Amino acid sequence: MKIDPIHQFNIEPLFTLGHIGNHTIAFTNSSLYMFIAVLLIALLMLASGRDLVPGRLQSVAEISYEFVATTIRSTAGSEGMKFFPLIFSIFMFLCVSNLVGVIPYTFTISSHLIVTAALALLVFFTVLFYGLYKNGLKFFKIFVPSGVPIYILPLVMFIEVLSFFLRPVSHSVRLFANMLAGHIALKVFAGFVAMLGFSLGALGWVGGVLPLALTIALYALELLVAFLQAYVFAILTCIYLNDAIHPGH
Amino acid sequence: MAESHGEAKGQAAGAHTEAEGGHHGGTFPPFDSSNYASQLVSLAIAFVALYLIVSRIALPRVGGTIDARQNKIEGDLAEAQKLKDESDAALKAYETELANARANAQAIGNETREKLNAASEAERKALEEKLAAKLADAEKQIATTRTNAMSNVRGIAADAAGTIVQQLAGVTPDANAVNSAVDASLKG
């Protein structure tokens with residue numbers, strides 16, 4: 001009995017779509033789960049009723065709407081509502097795909113750095129371009145914190161610029177690493193149960209109770225993490241967008 | 001596609017992943033750059049589709065439902081407030097009316113009581129006067145009757161005195177002297 005906690009992250013091409021340069025563009029299991037997430041969100045938001053007194057599905061749709069709207073208003077102000085569709089898309093995409101990914105035998109999209117990096121860069125460039133478009137050169141005030149003595153200002157500015165350009169890195173790696181590590185830990189502990197059982201027989205199955213309990217606990221934790229990381233990603237997006245909307249801080 | 005990166009197979013921690021099936025080599029899947037293009041393309045398609053669905057249909061729809069509910073609630077609350085104000089006004093009007101009616105009733109009662117009091121007072125007075133007049137009449141009659149009776153008594157006494165004197169002395173006394181003597185004794 002061999003346990004491979006990495007196998008769950010394999011990209012399996014389902015069929016080839018075409019070529020760009022010398023890259024093969026394939027429809028992979030990752031693509032499948034991306035579209036499943038989009039489909040689930042569309043179903044949730046479009047198939048739910050429009051009743052005055054909402055049913056369960058409609059409540060979930062409205063709660064997600066209100067939740068994201070409240071998050072934006074509290075972090076980026078009412079001007080941030082311009083980015084409501086973007087932030088809502090990011091949050092729902094990550095939340096739904098992460099939650100789907102916790103189901104055994106499924107694939108977790110955000111366990112691939114390229115995906116989280118692409119989303120983080122999307123946010124980064126949105127902030128950069130919107131900030132420059134809206135505020136012009138005043139946008140660079142975000143690198144010059146007010147009330148800092150002039151003699152340490154260059155150092156502070158250097159740090160601010162560095163942290164600004166490292167944002168996409170921390171933004172994407174946080175989500176990626178959380179999903180990756182959580183899924184590996186789950187697989188390892190779940191693997192112990194089977195390994196003990198198949199190698200030690202009856203004694204092994206009894207001994208497997210402990211890793212099984214741990215797996216259950218971890219599973220609950222992973223459910224929380226799946227939601228929480230999507231939320232963290234969305235709220236960081238709001239905070240970064242707030243810089244673009246109100247550069248002087 | 002995955003066959004092309006066998007070069008990583010020999011290195012790193014390839015040993016256990018190798019057993020899983022040769023075609024993925026030893027590269028850690030998230031860092032296998034050969035499938036980046038596929039993921040980026042499908043992510044772009046999926047995310048743009050999601051963004052369009054969300055921004056064009058889903059959010060206006062759900063937001064519209066929430067706004068409609070909010071408006072409905074506000075409208076209902078305003079309506080309820082209006083009705084409450086109306087009922088308050090009606091209650092106030094009713095109370096004023098009731099107070100007026102009560103005051104009127106009080107006034108009418110007082111008036112009637114005073115009128116009746118005055119009437120009964122007048123009647124009582126009239127009755128008393130009548131009774132007083134009757135009393136005076138009766139007293140006068142009694143007085144007349146008494147005077148008459150007294151004058152009769154005097155005549156009888158004078159006659160009796162004259163007769164007694166005649167019987168005793170054998171002379172007829174002077175009527176005047178008898179009268180004055182009777183008067184004197186009546187007085188005494």
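**Predicted model of chains A and B: legends to close-up views**

**View 1. Contact between chain A and chain B.** In this predicted model, 42 residues of chain A are in contact with 36 residues of chain B. On the side of chain A that touches chain B, at least two residues each come from β1 (13-20), β2 (23-28), α1 (29-47), α2 (56-76), α3 (84-102) and α4 (113-135) of chain A. With nine residues, α1(A) supplies the largest share of that side.

**View 2. Residue classes on the side of chain A that touches chain B.** Of the residues on this side of chain A, 28 are nonpolar. A further ten are polar and four are charged.

**View 3. Secondary structure of chain A.** Chain A has seven helices and two strands. Along the sequence, the elements of chain A run β-β-α-α-α-α-α-α-α. Taken along the principal axes, the C-alpha atoms of chain A fill a box of roughly 70 × 55 × 45 Å.

View 4. Chain A has 249 residues, and 37% of them are buried. Among contacts in chain A between residues at least 6 apart in sequence, 65% link residues at least 24 apart.

View 5. An unreviewed UniProt entry places the feature "coiled-coil region" at residues 66-148 of chain B. In the model, residues 66-148 of chain B are 100% helix and 0% strand. The end C-alpha atoms of this stretch of chain B are 120 Å apart.

Technical notes
Residues numbered from 1 in each chain as written. Chains lettered and ligands numbered in written order. Predicted model: local features only at pLDDT ≥ 70, side-chain atom pairs only at ≥ 80, totals over all residues. Contact = placed C-beta atoms within 7 Å. Helix = DSSP H or I, 4+ residues; strand = E, 2+ residues; numbered from the N terminus. Nonpolar A, V, L, I, M, F, W, Y, C, P; charged D, E, K, R; others polar. Buried ≥ 20, exposed ≤ 12 C-beta atoms within 10 Å, placed from the backbone. UniProt positions renumbered as here; feature names shortened; annotations may be inferred.
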